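Reader: I have not looked at this structure before. Please take me through it by question and answer.

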Amino acid sequence: MSVTENQEVIAVKQVWAGYDKTAVLENINLSVNQGDFIGIIGPNGGGKTTLLKVLLGILAPMRGEVTIFGQPVREGRENIGYVPQLIHFDRDFPISVWEVVRMGRLHKKGLLRHFSSEDDEAVAAALDQVNMLALRDRCLGDLSGGQRQRVYIARALAGHPRILLLDEPTASVDPQVSGSIYELLHELNKHVSILLISHDMNAVSSYTKTIGCLNRTLHYHGSNEITEEMVQATYHCPVDLIAHGLPHRVLADHHGHTHTGDHQDD
Ligand code: ADP
């Protein structure tokens, strides 16, 4: 199945959200269209996880509205495959790659039903998509960080989502592995819309089609450029400091400064 561009898959309208009556997200407006591959960056504490919680229906907005394929989050949520941040886990915990990915089928059937051959086919197809089918019987704890991330992406894909939400997908892997994860996402983006969040500007590779900046408020204009104004509004510090090591092409309009990545910040 290929996607039709421009159909709105997620609409966030004037959303305020937070905890204990204190807003950490203010007046967020975001339109995600089919075929999008959006990277949202921002500093720690800027509200990225809170935004994901709102999109997943874990946190109700204080004000505003979120719809997924025109439906309230409660119903539209089944179109989303969520890939949480890689966390440290007990490497001795005896669970296989296959069993992890099969969890991605649970919401389709409820906890107490048996898995069917249709589930097996979906799990095998998802593992194949991330190139991990050959390792299906391996213990999750024996895998590298990059392989585990592929397994978690497969778990999200097993539910046949139309949107993938990813939380810091390359935070725990080295740059080379990070590149291969982005290549995989680039491939998957032919069939699913992708929204990912990261605190690391360097992690948002050239594969993301558009980039937004979030720190309490969201600066997103459907563009693949981060302007000086967006960075200063988001990080509250000069572009030069933030952009060290950032591929130059990502930043628009910053007055001929070069960032070769081979000097120390002042
Ligand atoms: P990010 O993912 O960008 O690091 P978060 O969305 O986790 O940011 O956090 C945004 C703000 O909300 C932070 O100030 C954080 O301390 C606060 N916060 C996050 N989760 C909770 C919570 N469960 N209860 C109260 N405050 C929270």
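Reader: Which residue lies over the face of tryptophan 16, and at what distance from the ring centre?
Author: This is a predicted model. A charge counts as sitting over a ring if CZ of Arg is within 6 Å of the ring centre and within 35 degrees of the ring normal. Over the face of tryptophan 16 lies arginine 63, and the distance from the ring centre is 4.5 Å.

Reader: Which residue lies over the face of phenylalanine 69?
Author: The distance from the ring centre is 3.9 Å here. The residue over the face of phenylalanine 69 is arginine 162.

Reader: How many aromatic pairs are there?
Author: A pair of aromatic rings is described by the distance of the centres and the angle of the planes. To pair, the ring centres must lie within 6.5 Å. By this rule the number of aromatic pairs is zero.

Reader: Which helix gives the largest share of the shell around the ligand?
Author: The residues surrounding the ligand include Tyr19, Val24, Pro43 and Asn44. Also among them are Lys48, Thr49, Thr50 and Lys53. The largest share of this shell is four residues, and they come from helix 1 (residues 48-56).

Reader: How many residues of the shell around the ligand are charged?
Author: Sorted by class, the shell has six polar residues and three nonpolar ones. The number of charged residues in the shell is two.

Reader: Is aspartate 20 buried or exposed?
Author: Aspartate 20 is in the loop between strand 1 (8-19) and strand 2 (22-33). Its phi is positive, about 50 degrees, although aspartate 20 is not a glycine. Its relative accessible area is 76%, and exposed means over 50%, so aspartate 20 is exposed.

Reader: What is the relative accessible area of asparagine 131?
Author: Asparagine 131 is placed in the loop between helix 5 (117-129) and helix 6 (145-157). Asparagine 131 is a residue other than glycine with a positive phi, near 65 degrees. Asparagine 131 is exposed, and its relative accessible area is 64%.

Methods. Residues numbered from 1 in each chain as written. Predicted model: local features only at pLDDT ≥ 70, side-chain atom pairs only at ≥ 80, totals over all residues. Heavy atoms only, no water. Phe/Tyr/Trp six-rings, centres within 6.5 Å; stacked < 30°, edge-to-face > 60°. Near = heavy atom within 4 Å. Helix = DSSP H or I, 4+ residues; strand = E, 2+ residues; numbered from the N terminus. Nonpolar A, V, L, I, M, F, W, Y, C, P; charged D, E, K, R; others polar. Buried < 20%, exposed > 50% of the residue type's maximum accessible area, 1.4 Å probe, protein only.
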